[in-house]
Amino acid sequence: MAAPTTATTTTATGKQSNSVWNDFVDAYNVAARSYWDTIKENKKLRLIDTFCLFLVVIGIIQFGFMCLIRDNFPFNGFLSGFIICVGQFVLLISLRMQYVNPFPGISKTRSFGEFVIASLMLHFVCLHFIN
């Protein structure tokens with residue numbers, strides 16, 4: 001009696017996993033459509049997302065270069081460059097969140113000013129870390 005139960009469970013699991021995959025594909029399509037509609041309407045978000053993509057590519061290139069040369073001689077330079085990519089990415093995502101759903105009591109102009117000041121501080125710290 002154990003063998004038929006196992007076969008039934010496998011069939012049910014196969015149908016369930018197919019249903020889960022279809023739900024995932026539907027959710028992905030809805031999210032992608034919503035994202036592209038939002039980007040099409042707002043050029044600032046498009047610019048922020050493009051710069052975020054640029055930072056990710058630069059970080060991957062830096063990490064790949066360190067793996068390629070297999071040496072950690074300019075390790076301060078690598079850490080500084082990689083930390084600045086990650087830090088600027090985090091600051092940009094915070095700015096993007098503020099533009100999409102503004103926090104109560106904080107204007108978009110103030111959030112952009114705070115972004116600029118935080119970016120300058122990040123660059124100042126990373127510049128001094130190199131030396």
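Q: What are helices here, in DSSP terms?
A: Helices are DSSP runs of H or I, at least four residues long, numbered from the N terminus. The model is predicted.

Q: OK. Where is the place of I60, then?
A: I60 sits in helix α2.

Q: Buried or exposed?
A: I60 is exposed, because its relative accessible area is 57% and exposed means over 50%.

Q: Which residues make a nonpolar surface patch?
A: V56, I60, F63, F82, V86, F89 and V90 make one of about 590 Å².

Q: Which gives the most?
A: α3, with four residues.

Q: Back to α2. How far apart are its end C-alpha atoms?
A: They are 39 Å apart. Helix α2 covers residues 43-69, 27 residues, so at 1.5 Å a residue the span should be 39 Å, and the two values agree.

Q: What caps the N-terminal end of α2?
A: N42 does. One of its side-chain oxygens lies 3.1 Å from the backbone nitrogen of K44.

Q: And what comes just after α2?
A: R70, which takes a positive phi of about 50°.

Q: Which residues in α2 are buried?
A: L45, I48, D49, C52, L55, G59 and M66.

Q: D49 has a charged side chain. What does D49 meet in a salt bridge?
A: The side chain of R96, at 2.7 Å from N to O. That pair links distant parts of the chain: D49 is in helix α2, R96 is in helix α3, and they are 47 residues apart.

Q: Is R96 buried or exposed?
A: R96 is buried, and so is D49.

Q: How many salt bridges does the structure hold?
A: Two. Besides R96 with D49, E114 forms one with R110, where the closest N and O atoms are 2.9 Å apart.

Q: Where do E114 and R110 lie?
A: Both are in helix α4 (residues 108-130). They are four residues apart, about one turn of the helix.

Q: Why does that spacing matter for direction, three or four places apart?
A: An α-helix has 3.6 residues a turn, so residues three or four places apart point the same way. Side chains of opposite charge can pair when their charged atoms come close.

Definitions and conventions
Residues are numbered from 1 along each chain as its sequence is written. This is a predicted model: local features need pLDDT of at least 70, side-chain atom pairs count only at pLDDT 80 or more; totals for chains, interfaces and linings use all residues. Side-chain values use heavy atoms; hydrogens and water are left out. Helices (H or I, at least four residues) and strands (E, at least two) are DSSP runs, numbered from the N terminus. The expected span of a helix is 1.5 Å times one less than its number of residues. Buried means under 20% relative accessible area, exposed over 50%, partly exposed in between (1.4 Å probe, protein chains only). A polar contact is a pair of N or O atoms within 3.5 Å; within protein, one must be able to donate a hydrogen and the other to accept it, and residues adjacent in sequence count only if both atoms are side-chain atoms. Patches are made of residues with over 30% relative accessible area and no salt bridge: like charges are joined within 9 Å, nonpolar side chains (Val, Leu, Ile, Met, Phe, Trp, Tyr) within 5 Å. Accessible areas come from the Shrake-Rupley method with a 1.4 Å probe; for residues, only the protein chains shown count as cover. A salt bridge is a side-chain nitrogen of Lys or Arg within 4 Å of a carboxyl oxygen of Asp or Glu.
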